[in-house]
Amino acid sequence: MYSSFHNHGINAIFFLIEEINQAKKRRSCFLCVQAILILGINMADRVATSDKSKSVREEALTYAYILLYIFLSSAQIFFNKWVLSSKQINFPYPLGLTLLHMIFSSVLCFLLTKVFKILKVEEGMTAEIYVTSVIPIGAMFAMTLWLGNTAYMYISVSFAQMLKAIMPVAVFILGVAAGLEVMSCRMFLIMSVISFGVLVASYGEIDVNWIGVVYQMGGVVGEALRLIFMEIFVKRKGLKLNPISVMYYVSPCSALCLLIPWIFLELPKLDASGPWRFQPLVLTLNSLCTFALNLSVFLVISHTSALTIRVAGVVKDWVVVLLSALLFADTKLTVLNLFGYGIAIAGVAAYNNHKLKREASKTSSDESQEAEKVPLVASTSMLHSKIGV
């Protein structure tokens, strides 16, 4: 864009010089003024056109990143379900699959940031912050993925997504307990709507496996705790990391947290089943899909905001619920399922809207406070100048 703007500027200057020379020849001030006006209009038109085309390109790129996130997120859920449930793959080990994802993510993050230096890890991490913040976040992240993947072995993908809609309720209750949220009539109403919708959707489930429900709700609690720890991490420690930096620091910790239970829970089953016969290509592609999903989150947040991820997540949930009925035989949707899930999603949308308004008001209040500080500094400097300091 800079080179294009530079070329336009040179052409416009040559045009100005030619017009001024003609004006000098005719000894007319009018043509000089006209040449300057034409130059201004010409440059403004070119800049406006360039800015407009750039805006259109950026908007199209943003939508492409959002669609990529929805596609990868949906594909990852279906991929995990297929790997864990398919007799052809023969890998019914959710803990081992999650451990493989974390090891793969740790290695790739190290290669991209430290070896090839394609991406940059933000500085500011200390041993004290890692122990008090990153380790709890990594442990909760490991718990979320482990329990969530295990739930796919007992319940359908669509029902698992419906249960995930209770997430804002868990986050809000834990946030109130941690002093990060304040209970209000509006929030109580929103939480009640979400809970009622999930209950209706669960009641409409034809074949409920309560073991899968317990695993899924455990994953929801783990994710809620992870989000609470992240908010405490940002507010109290004052360190903000992009998703790539979070993956770089959290993935090894999560892998270690998963390795310990894997040794005691799934390794004996693997040894008892005979020689390890897996499909490395399928498992590698599955891990790569997980890493690509995390990268897409980084791209969407860097071009929009965290709220956009929430909204895109709602769209993704509907896509997963509807497509799972077509892809998997264990998925049987009922009208009561969809009705209850629709109520829950309406509550989630109201929750996201409430969070957006609160973040906007907080940003505007911060800006007003900064604006109030400027006159104070100016008046202080004026006072010093008057008394001769």
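# Close-up views of the structure

**View 1. Both aspartate 317 and lysine 316 are buried.** The structure shown here and in the views that follow is a predicted model. The side chains of aspartate 317 and lysine 316 meet in a salt bridge, with a distance of 3.0 Å from N to O. Side chains of opposite charge can pair when their charged atoms come close. The structure holds two salt bridges; the other is the subject of the next view.

**View 2. Glutamate 223 and arginine 226 form a salt bridge.** The closest N and O atoms of glutamate 223 and arginine 226 are 2.8 Å apart. Both residues belong to helix H8, and because they are three residues apart there, about one helical turn separates them. How accessible is glutamate 223? Glutamate 223 has a relative accessible area of 15%, so it counts as buried. Arginine 226 is likewise buried, its relative accessible area being 16%.

**View 3. The protein is built of helices, with zero strands.** Of the 389 residues in the protein, 39% are buried. Helix H5 is mostly covered, with seven of its eight residues buried. The buried residues of H5 are Val157, Ser158, Phe159, Ala160, Gln161, Met162 and Leu163.

**View 4. Tyrosine 154 and tyrosine 215 form a stacked aromatic pair.** The structure holds six aromatic pairs. In the one formed by tyrosine 154 and tyrosine 215, which is stacked, the rings lie 5.7 Å apart from centre to centre, with 20° between their planes. This pair links distant parts of the chain, as its two residues are 61 residues apart. Tyrosine 154 lies in the loop between helix H4 (127–151) and helix H5 (157–164), whereas tyrosine 215 lies in helix H8 (residues 210–237). Tyrosine 154 is partly exposed, having a relative accessible area of 36%. Tyrosine 215 also counts as partly exposed, at 27% relative accessibility.

**View 5. The largest cavity has a volume of about 40 Å³.** The structure holds one cavity of 30 Å³ or more. Rolling a probe the size of a water molecule over the atoms shows where empty space is left. Which residues line the largest cavity? The lining consists of Met125, Val134, Ile137, Met230, Phe233, Leu241, Val246, Tyr249 and Val250. Two or more of the lining residues come from each of the elements H4, H8 and H9. H9 gives the largest share of this lining, namely three residues.

**View 6. A nonpolar surface patch covers about 590 Å².** The patch is made by Leu256, Leu259, Ile260, Ile263, Phe264 and Leu265. Leucine 259, one of these residues, is found in helix H9, which spans residues 243–265. With a relative accessibility of 33%, leucine 259 counts as partly exposed.

**View 7. Phenylalanine 328 and phenylalanine 78 are 250 residues apart in sequence and 9.1 Å apart in space.** The distance in space is taken from C-alpha to C-alpha. Phenylalanine 328 lies in the loop between helix H12 (306–327) and helix H13 (335–386). Is phenylalanine 328 buried or exposed? Phenylalanine 328 is buried, since its relative accessible area is 16%.

**View 8. Leucine 189 and glycine 347 are 158 residues apart along the chain.** The C-alpha atoms of leucine 189 and glycine 347 are separated by 8.8 Å. Leucine 189 is found in helix H7, which runs over residues 185–203. At 55% relative accessibility, leucine 189 counts as exposed.

**View 9. Lysine 117 has a positive phi value.** What is phi of lysine 117 near? The angle is near 55°, a positive value in a residue other than glycine. Lysine 117 is located in the loop between helix H3 (94–115) and H4. Lysine 117 counts as exposed because its relative accessibility is 64%.

How values were computed: Residues are numbered from 1 along each chain as its sequence is written. This is a predicted model: local features need pLDDT of at least 70, side-chain atom pairs count only at pLDDT 80 or more; totals for chains, interfaces and linings use all residues. Side-chain values use heavy atoms; hydrogens and water are left out. Patches are made of residues with over 30% relative accessible area and no salt bridge: like charges are joined within 9 Å, nonpolar side chains (Val, Leu, Ile, Met, Phe, Trp, Tyr) within 5 Å. Accessible areas come from the Shrake-Rupley method with a 1.4 Å probe; for residues, only the protein chains shown count as cover. A salt bridge is a side-chain nitrogen of Lys or Arg within 4 Å of a carboxyl oxygen of Asp or Glu. Helices (H or I, at least four residues) and strands (E, at least two) are DSSP runs, numbered from the N terminus. Buried means under 20% relative accessible area, exposed over 50%, partly exposed in between (1.4 Å probe, protein chains only). Rings of Phe, Tyr and Trp (its six-membered ring) pair if their centres lie within 6.5 Å; planes under 30 degrees apart count as stacked, over 60 as edge-to-face and the rest as tilted. On a 1 Å grid over the protein atoms alone, a cavity is a set of points where a 1.4 Å probe fits but cannot get out, and a pocket is an open set with protein on both sides within 12 Å along at least five of seven lines; lining residues have an atom within 4 Å of a point. Grid points are joined across faces, edges and corners, and a volume is the space filled by probe spheres set on the points.
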